[in-house]
Amino acid sequence: MSSFVCQRCGACCRWPGSVLLEKADIAAAAAALGMPEGAFIETHAVLARNRAQLTLKEAPGGACEFLDAEGRCRIYAARPRQCRDFPHGWKVDGCPGFSLH
Ligand code: SF4
């Protein structure tokens with residue numbers, strides 16, 4: 001049996017892949033950054049590979065652009081639902097938060 005305890009390493013925020021945005025995610029993140037939703041979308045979102053949703057932009061190398069130099073999320077209190085749900089629904093290979101018991 002495995003259990004999960006977040007090690008706060010930020011590894012999941014460095015993995016390439018989509019952080020899909022729901023409408024409420026955009027509203028919350030835009031408010032946290034003090035910007036209109038349209039400006040948030042223009043600045044921080046791109047069309048996802050499924051061409052049906054928006055996803056957060058990635059920094060060069062594939063990390064999330066909201067991951068700061070210390071490995072912390074710059075919008076942690078307003079992070080998207082996909083991030084709040086981690087590890088549910090994520091591919092977690094290499095995550096040090098899982099231990100086998
Ligand atoms: S929004 Fe925050 S928690 Fe979500 S991937 Fe980006 S840095 Fe990580």
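Start with the largest nonpolar core: select Cys12, Cys13, Val19, Leu21, Leu54, Leu56, Cys64 and Phe66, eight residues in all. A nonpolar core here is a set of buried Ala, Val, Leu, Ile, Met, Phe, Trp, Tyr and Cys residues joined through C-beta atoms within 7 Å. Buried means that 20 or more other C-beta atoms lie within 10 Å of the residue's own, with C-beta atoms placed from the backbone. At least two residues of this core come from α1 (11-14), and at least two from β4 (54-56). Helices (H or I, at least four residues) and strands (E, at least two) are DSSP runs, numbered from the N terminus. In soluble globular proteins, nonpolar side chains tend to be buried together.

The model is predicted: local features need pLDDT of at least 70, side-chain atom pairs count only at pLDDT 80 or more, and totals for chains, interfaces and linings use all residues. Residues are numbered from 1 along each chain as its sequence is written.

Next, select cysteine 13. Which residues is cysteine 13 in contact with, leaving aside its neighbours within four places in sequence? They are Ala63, Cys64, Leu67 and Cys73, where contact means C-beta atoms, placed from the backbone, within 7 Å.

Now show the ligand. The residues around the ligand include Cys13, Cys64, Leu67 and Cys73, and also Arg79 and Pro80; a residue counts if its C-beta atom, placed from the backbone, lies within 6 Å. By class, this shell has nine nonpolar residues, no polar ones and one charged. Ala, Val, Leu, Ile, Met, Phe, Trp, Tyr, Cys and Pro count as nonpolar, Asp, Glu, Lys and Arg as charged, and the others, Gly among them, as polar.

Go on to the sheet. Three strands form an open sheet in the order β2-β4-β3, with antiparallel pairing; two strands pair if DSSP finds at least two bridges between them. β2 (20-21) and β3 (45-47) are at the edges with a single partner strand each, so one side of each has no neighbour in the sheet. Two bridges join β2 to β4, and leucine 20 has threonine 55 in β4 as its bridge partner.

Then select helix α2 (residues 23-33), whose buried residues are Asp25, Ala28, Ala29 and Ala30. Their cover includes β2, α3 (37-44) and α4 (81-84). Just after α2, glycine 34 has a positive phi of about 70 degrees.

Finally, zoom out to the chain, which has four helices and five strands. From the N terminus they run β-α-β-α-α-β-β-α-β.

Technical notes:
A residue is buried if 20 or more other C-beta atoms lie within 10 Å of its own, exposed if 12 or fewer, and partly exposed in between; C-beta atoms are placed from the backbone. Two residues are in contact if their C-beta atoms, placed from the backbone, lie within 7 Å.
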